[in-house]
Amino acid sequence: MKAEQLFDVNGHVAFVTGAASGLGLAMAEVMADNGAHVVMTDINPDTLTEHRQRLADGGGSVETIELDVSDLAALRTAIDGVAATHGRLDAIFANAGISAGPGYQTDAGQINAVDQAKWDEVLHINLSSVFTTIQTAAAHMKRQKSGRIVVTSSIAGLKAEQMVGYAYAATKAAVINLVRQAAMELAPFNVSINAIAPGPFYTNIGNGRLSDPAVAKAFSDVVPMGRIADTSELQGLALMLGSPAASFITGTVIPIDGGSTAG
Ligand SMILES: NC(=O)c1ccc[n+]([C@@H]2O[C@H](COP(=O)([O-])OP(=O)(O)OC[C@H]3O[C@@H](n4cnc5c(N)ncnc54)[C@H](O)[C@@H]3O)[C@@H](O)[C@H]2O)c1
């Protein structure tokens with residue numbers, strides 16, 4: 001089968017959270033570049049507008065919604081609204097997430113320094129909002145008997161990681177089992193749901209802390225490929241999981257990590 005057919009998302013409606021930057025932007029771009037109508041959502045409306053314009057100039061079909069995923073009612077309204085307007089929802093990327101600060105390698109990241117308010121915020125955004133995204137999309141996808149749900153976890157959800165905070169590690173593990181649980185229920189409806197587990201990518205997460213050369217070195221030193229990835233390197237996996245190519249892939253977690261979880 002030709003690649004164009006295998007990964008054909010022409011006319012599909014895709015919804016991405018946290019789409020103004022980093023991995024979410026890369027997901028939105030690859031879906032738009034391959035013919036999907038992409039709904040880009042984020043808390044940052046100015047950057048969203050800039051990217052919508054750029055993608056539209058390149059021939060992409062894109063709309064934007066200012067959306068804070070921590071507002072669960074607004075999140076539901078946005079997803080329901082897109083499904084109602086377009087009459088379908090083919091793919092959703094539950095991607096928005098925040099850092100919980102440094103890991104236990106520094107004093108500020110050690111277990112007794114964990115701030116309760118920060119813990120609650122990270123659990124809400126990285127777990128509860130992901131659950132609501134899946135839950136709301138599932139209702140539409142079950143009805144239409146098709147759909148792709150892609151959740152952004154992390155390699156920190158698969159193994160201990162000294163450079164990420166406790167709440168981050170906990171939520172990224174939790175969403176993996178959430179994916180497995182939902183995969184069982186949704187499989188008979190021809191709806192697939194998978195998690196991706198990225199290693200380090202250059203994005204703005206944690207106030208762009210990877211732009212600090214010392215932090216970047218610490219992260220890249222533990223990657224067998226010896227480097228931090230560019231967000232474009234996520235696009236093949238995102239397109240595969242969001243397209244017909246993933247027709248028999250569900251309930252999985254796929255690392256994209258330069259070999260970090262292999263050894
Ligand atoms: N960058 C990495 O190395 C890496 C590795 C593993 C997993 N991840 C995960 O990738 C996902 C995307 O992060 P990124 O690295 O691209 O970071 P990023 O900061 O570049 O992008 C995240 C986007 O989400 C938006 N956002 C933040 N809070 C939001 C909210 N409450 N509602 C809606 N949008 C919100 C931000 O405005 C931003 O545009 C996160 O879930 C993150 O945990 C990143």
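Two strands count as paired if DSSP finds at least two bridges between them. Helices (H or I, at least four residues) and strands (E, at least two) are DSSP runs, numbered from the N terminus. The model is predicted, so to read it: local features need pLDDT of at least 70, side-chain atom pairs count only at pLDDT 80 or more, and totals for chains, interfaces and linings use all residues. Residues are numbered from 1 along each chain as its sequence is written, and side-chain values use heavy atoms, with hydrogens and water left out.

S2 and S3 pair in the parallel sense over 6 bridges. Histidine 37 has serine 61 in S3 as its bridge partner. Between S2 and S3 the chain passes through helix H3 (residues 45-57), a right-handed β-α-β crossover (with the strands pointing away from the viewer, the path from the first strand over the helix to the second runs clockwise).

The open sheet has 7 strands in the order S3-S2-S1-S4-S5-S6-S7, with parallel pairing. Strand S3 (61-66) and strand S7 (253-256) are at the edges, each with a single partner strand, so one side of each has no neighbour in the sheet. From one strand to the next, the twist averages 20 degrees.

Strands S5 (residues 147-152) and S6 (residues 191-198) also pair in the parallel sense, over 6 bridges; threonine 152 stands opposite isoleucine 196 in S6.

Two helices are tabulated with their angles (axes are lines fitted to C-alpha atoms, for helices over the stretch in contact; angles run from 0 to 180 degrees between N-to-C directions). Contact means heavy atoms within 4.5 Å.

| Helix | Strands | Angle |
|---|---|---|
| H2 (residues 22-33) | touches S1, S2, S3, S4, S5 and S6 | about 165 degrees with S2 |
| H6 (residues 166-186) | lies across S5, S6 and S7 | about 165 degrees to S6 |
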